[in-house]
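Hi,

Here is the structure I promised to pass on. Have a look, and then read my notes below.

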Amino acid sequence: MGFCGSGISLGCDEELKVVMDERKRKRMISNRESARRSRMKKVKHFHDLSAKMAQLTNQNHQLLTTLNHTTQRYFILEAQNSVLKAQVAELSHRLHSLNHIIDFFNATNGVFEDVDFASRTFIDPALDNIFNPFNVSYMNQPIIASAEAMLQY
């Protein structure tokens, strides 16, 4: 390729066209390579997002399973707590009744001072067993509250 200033314009135009074609070809190759890299990055990004989605879906499933187990355990404990509260109320009532009986015996020194009162008062023997603090069967009565009964509500 010669010197373009020599007056031969035909050679100069062809030489310029060859240089321009070469630049154009290099630019096309560079653009294709850049587009290929861009597509590869998009595919990699898509695969990364798919893997992250699978991981998060699995983690979400595990959390839901844990939440369900925790909720079930909560309801079981809530029912047991209700049973215990009912038992505490019943035992508190029994304790109050027994303390009342003890107070009565302490106040009367264990005997009726008014003999006429005892003879005038009708005491049912069945009820007498309930209020007798030495009645063992009363003390060993089962507590009625149960978890099954509380779960019905």
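Which residue forms a salt bridge with Glu33? The partner is Arg36, and their closest N and O atoms are 2.3 Å apart. In case the term is new, a salt bridge is a side-chain nitrogen of Lys or Arg within 4 Å of a carboxyl oxygen of Asp or Glu. Side chains of opposite charge can pair when their charged atoms come close.

Before you go further: this is a predicted model, where local features need pLDDT of at least 70, side-chain atom pairs count only at pLDDT 80 or more, and totals for chains, interfaces and linings use all residues. Residues are numbered from 1 along each chain as its sequence is written, and side-chain values use heavy atoms, leaving out hydrogens and water.

The structure has four salt bridges. Glu33 and Arg36 sit three residues apart in helix 1, about one turn of the helix. (Helices are DSSP runs of H or I, at least four residues, and strands are runs of E, at least two, numbered from the N terminus.) Glu33 has 30% relative accessibility and Arg36 has 37%, so both are partly exposed. On that scale, buried means under 20% relative accessible area, exposed over 50%, and partly exposed in between (1.4 Å probe, protein chains only).

Glu22 and Arg25 form another salt bridge, at 2.6 Å from N to O. They are three residues apart in helix 1 (residues 9-108), so about one helical turn separates them.

Then there is Asp48 with Lys44, at 3.0 Å between the closest N and O atoms. Asp48 is partly exposed at 40%, while Lys44 is exposed at 53%.

Cheers
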